[in-house]
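User: Please examine the structure below and discuss the ligand site and the nonpolar core.

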Amino acid sequence: MSQTSGYADLDSIAERVERLASLEGKALEAEEIALLGRKSGIITAKLRSVAKLPLEERRSYGARLNELKVRADAILVQKRTASTNVDGLLVGADLTMPARRRWVGAEHPVTRVVDEIVEIFHGIGFTVAVGPEVETEWYNFLALNFPPDHPAMDMHDTLYLDAPPAKGEPGGRLLLRTHTSPVQIRALMQSPPPVRVVIPGMVYRNDAFDPSHSPAFSQIEGLAVDEGISFVDLKATLIHFAQRFFGPTTTTRFRPSFFPFTEPSAEMDVECQLCHGSGCPACKGTGWMEILGCGMVHPAVLENCNLDSERFTGWAFGMGPHRIAMLRYGIPDIRLLLEGDMRFLEQLGRKA
Ligand code: DAH
C-alpha cells in the first residue's frame, strides 16, 4: 500500500489507514470514527463527494478512495477478531475458578444386580428370555394353574387394559403382568425341552408406594425343564447361585410354601447380609432374609404347554432384584431405587 495515487489528500489518508493497525483501545476507536464515521468520517465524506467530480477524475479517484475504505475495514475486522480471542474472553473471567468436571454416568444398583444374576446363570448354561409387559389373563394366570378367582390372585391385583381381548379366549383380557412367570409358558411353547432360561423384567401390582412396596418392580424368573430333573437339581443350583452372588460361605435354607404353578413349592432364605445370622432389625431378629420363591413345575403347567408331564419335569424360581439390591446394600427404602435421585445413585453405582 505504499504506492502513491497522485492525489496528495489520498496519500495522507492511506498513511492514517495503515497506522490503524498499530492503534489500540480508545485511540483506535477515535481514528475509526475520524476516517469512517458515518457523519463526518474523512473517507465517508470524500466518497459522498466523488459524484461531483469531473468524469475522468471520478473513476481513478473514486476507485482509489474505495480501496482505502476496503483496506481500513479489513484492518479493523482483523483487530477486532484478535482482541476477542484474547482480551474478550478473559474480561470478567475468574481465572481461579476450578474447571467443570465431566459428568460420568453410573450403573443403577438394580441393573448391576440383574446383570450379576444373569451372568451367574449364564455360566451354568442358562440363556436369557424376555416377554411382554402387557399380558393376557391366560398367560399371567390360567396357564400357570391359577384357578379362576383363586385367593392366590389377591396378591396379583393389577391394571387391566381397556382394549378388546386378544384372540384365543377365554383368558384374552389384557393386563399389566404381575410377575415374570407367564414367560415360562411362552418359553415352553416356543421351543421344546431341554429349556434353561432366566427371564428378567418389570412387573406391576396394585401395591402402595411405601418403604417396602412399589406398584412397579423387577423380577427374575428361572426355568429348567428336561427329562429327569429333580428337586435335588433345584436345591443344588440355587445354593450355587446364592454362594456365587452373596459369598462362598453363605448359608441358605428352604421353607415349604405354596404357588399354584409349582408342586412342591418352597421359599429360599439366605443368612442376613447385615448381621450374618445373629439377628438384627433388618431381618427382624431371625438371622434370615427371604430372597426367592421356587418349586417343581406343576404337571398341569407342562400340560398347558402341550408337554407330556410323564416324560418331562422341571423346576422354576422367581426373585426380585429390587429387594435383593436392598438386602445386599442395606437400603432401607425401595423408593430410593426408583426415584432417580443422583445423590443417592452415585454413591452405589459402579462407574460405567
Ligand atoms: N411368580 C411368583 C410371584 O411373583 C414368584 C415365583 C415363585 C416364581 C415360585 C416361580 C416360582 O417361578 O417357582 O410371586
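**Ligand site and core**

User: How many residues surround the ligand, and which are the closest?
Analyst: The model is predicted. Within it, the closest residues to the ligand are His 179, Ser 181, Arg 205, Gln 219 and Glu 221. By class, the shell has five nonpolar, eight polar and two charged residues. The number of residues surrounding the ligand is 15.

User: How far is a polar side-chain atom of Glu 221 from an oxygen atom of the ligand?
Analyst: Polar contacts here are pairs of N or O atoms within 3.5 Å. For the side chain of Glu 221, the distance to a ligand oxygen atom is 2.6 Å.

User: What share of the area that the ligand exposes when taken alone does the protein bury?
Analyst: Strand 5, strand 8 and strand 9 each supply at least two residues of the shell. Taken alone, the ligand exposes 360 Å². The share buried by the protein is 92%.

User: Which element gives the most to the largest nonpolar core?
Analyst: This core has 42 residues, and those touching the most other members are Ile 117, Phe 121, Ile 291, Phe 317 and Met 319. Elements giving two or more residues to the core include strand 5, strand 8 and strand 9. With seven residues, the element that gives the most is helix 5.

User: What span should the 14 residues of helix 5 have?
Analyst: Helix 5 covers residues 109-122, and its end C-alpha atoms are 20 Å apart. This agrees with the expectation at 1.5 Å a residue, which is 20 Å.

Terms used: Residues are numbered from 1 along each chain as its sequence is written. This is a predicted model: local features need pLDDT of at least 70, side-chain atom pairs count only at pLDDT 80 or more; totals for chains, interfaces and linings use all residues. Side-chain values use heavy atoms; hydrogens and water are left out. Helices (H or I, at least four residues) and strands (E, at least two) are DSSP runs, numbered from the N terminus. The expected span of a helix is 1.5 Å times one less than its number of residues. A residue is near a molecule or strand if one of its heavy atoms lies within 4 Å of it. A polar contact is a pair of N or O atoms within 3.5 Å; within protein, one must be able to donate a hydrogen and the other to accept it, and residues adjacent in sequence count only if both atoms are side-chain atoms. Accessible areas come from the Shrake-Rupley method with a 1.4 Å probe; for residues, only the protein chains shown count as cover. Ala, Val, Leu, Ile, Met, Phe, Trp, Tyr, Cys and Pro count as nonpolar, Asp, Glu, Lys and Arg as charged, and the others, Gly among them, as polar. A nonpolar core is a set of buried Ala, Val, Leu, Ile, Met, Phe, Trp, Tyr and Cys residues joined through side-chain atoms within 4.5 Å. Buried means under 20% relative accessible area, exposed over 50%, partly exposed in between (1.4 Å probe, protein chains only).
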